[in-house]
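Take a look at it, and then we'll walk through the aromatic pairs, the cores and the confidence.

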Amino acid sequence: MSQMRQLPAEPTCPGCEEPLERGDLFCGACGYDLSALSQAPVDHPTVAITVPPTAGGAEPGGGPGTEPRTELPPAAVRYDDPPRATPAPGIDDFELAAPGLVPPRPEAEPQPVDPRSVDPRSVVPEPTPPSGTVAKVCVACRTGRIDEDGYCENCGHAQPRERDHMEQELDAVAAVSDRGLRHHRNEDSFAVSAAALPDGSPAVVAIVCDGVSSATRPDEASAAAATAANEALLESLPRGTHPQQAMHEAIVAAAESVNSLATDTGHAMDHDPNRHTNAPACTLVGAIVASGLLVVGWVGDSRVYWVPDDRTAPPARLTEDDSWAAQMVAAGLMNEAEAYADERAHAITGWLGADAYELEPHTASFKPDRPGVVVVCTDGLWNYAEAAHEMAQAAPADAAARPLHCAQVLVGHALDGGGHDNVTVAVLPFAMPEQGAGSAYGTA
């Protein structure tokens with residue numbers, strides 16, 4: 001004899017039986033629409049989150065006669081950050097049913113309204129997106145609109161944020177930044193641009209910044225630094241400032257921009273759920289290609305690599321890390337293998353931020369004797385291609401002709417390797433000056 005089912009001690013989701021909190025509109029685990037439960041407890045979500053049973057009554061998950069499972073789009077799993085609730089251990093990700101398998105939720109029958117009783121001033125027209133824009137659609141269910149908080153109004157899934165993956169391409173430079181596979185947000189930032197020197201020749205710029213995760217608001221710090229450095233270079237290079245001096249001034253401007261964030265404590269307290277008491281901070285690395293000269297500048301442990309088009313020629317790393325490991329090697333206390341195997345290896349000794357010990361911008365100038373590409377990147381990439389020859393192997397052979405493709409491939413290399421950190425890389429092709437043109441600058 002079957003017994004009557006006991007009511008649970010606390011409300012649970014009808015879709016996945018996860019505990020709910022009062023006031024929830026969606027289940028944080030599976031996205032079930034909870035807004036109409038009080039009126040119709042047996043109602044279905046607008047889009048099914050579990051695979052529906054077949055006509056034969058088979059249970060989802062396998063066996064003859066079951067409907068094929070429609071996998072959740074990879075982006076929806078990856079970008080569901082932060083989740084509204086953490087699924088219980090052992091529960092698999094939920095799959096969305098194929099479109100058309102679930103009947104739409106019945107809508108209330110519209111009641112006729114006498115138009116003479118309606119005040120025209122009280123009628124609010126439906127908002128329409130600006131001309132030329134496309135309304136955002138949920139990456140999970142592909143049908144729901146996105147609310148102001150970044151969640152789907154249909155299935156409740158969080159949407160990818162703009163900084164989770166960014167790409168930009170100009171004629172002579174390209175950059176890609178990705179959140180990676182382990183971090184909850186992208187704390188890297190970049191800026192790429194081009195300016196005209198006084199003689200009319202081009203100067204190409206790439207700035208890459210890596211937010212210090214142990215600091216508060218690292219994503220804002222990296223964005224502020226990249227923007228400030230880029231703007232400083234676009235102002236000084238056309239005036240004829242030597243690129244190496246311009247790079248030094250740009251790093252100082254970036255540091256001042258990050259320092260100014262430390263005074264905005266109210267914003268940090270109100271908007272950063274993972275706030276800390278220390279100041280916003282980031283690292284910076286940049287490169288300028290101008291008139292046959294290659295200039296690099298940096299503070300921190302992001303790097304610049306030189307990869308010649310002729311892969312039989314040796315590549316090179318053009319920066320030295322501001323890190324514990326680099327200090328140990330420079331002092332002769334450890335060899336490079338020992339230092340970078342230590343758990344303290346990636347502790348940085350230089351950064352931009354109000355609590356930095358001392359700002360020491362590093363700059364260097366080079367005159368390559370052959371064409372190639374300049375790879376500017378955070379440690380999210382070079383952790384998977386640390387040696388110069390490893391970076392050269394990871395870069396495609398046509399990197400100079402397709403810098404965006406090269407940047408995409410290098411980011412993919414890091415993600416394939418595990419994607420433990422945010423990944424940002426900029427690629428600048430370096431072409432040899434025309435015969436007889438020479439360089440407007442000498443090396444410093």
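Two aromatic pairs turn up in this structure; rings of Phe, Tyr and Trp (its six-membered ring) pair if their centres lie within 6.5 Å, with planes under 30 degrees apart called stacked, over 60 edge-to-face and the rest tilted. Keep in mind that this is a predicted model, where local features need pLDDT of at least 70, side-chain atom pairs count only at pLDDT 80 or more, and totals for chains, interfaces and linings use all residues. Residues are numbered from 1 along each chain as its sequence is written, and side-chain values use heavy atoms, leaving out hydrogens and water.

**Aromatic rings**
- W306 counts as buried at 10% relative accessibility, and so does F430 at 2%; buried means under 20% relative accessible area, exposed over 50%, and partly exposed in between (1.4 Å probe, protein chains only).
- W351 and Y357 also pair edge-to-face, at 5.5 Å centre to centre and 65° between the planes.
- Here W351 is buried at 14% relative accessibility, whereas Y357 is exposed at 74%.
- R303 lies over the face of W382, 3.4 Å from the ring centre (the rule asks for NZ of Lys or CZ of Arg within 6 Å of the ring centre and within 35 degrees of the ring normal).

**Nonpolar cores**
- The largest nonpolar core has 33 residues, and V375, L381, M391, L410 and V425 touch the most other members; such a core is a set of buried Ala, Val, Leu, Ile, Met, Phe, Trp, Tyr and Cys residues joined through side-chain atoms within 4.5 Å.
- Helix α9 (residues 403-417) gives this core its largest share, seven residues.
- Apart from it lies another core of 30 residues, including C209, A224, A229 and L261.

**Cysteines**
- C155 is buried at 1% relative accessibility, and C377 is buried at 0%.

**Confidence**
- The protein chain's mean pLDDT is 77, and 65% of its residues reach 70 or more; pLDDT is the predictor's confidence in each residue, from 0 to 100.
- Over residues 1-9 the pLDDT is below 50.

Notes: Helix = DSSP H or I, 4+ residues; strand = E, 2+ residues; numbered from the N terminus. Contact = heavy atoms within 4.5 Å.
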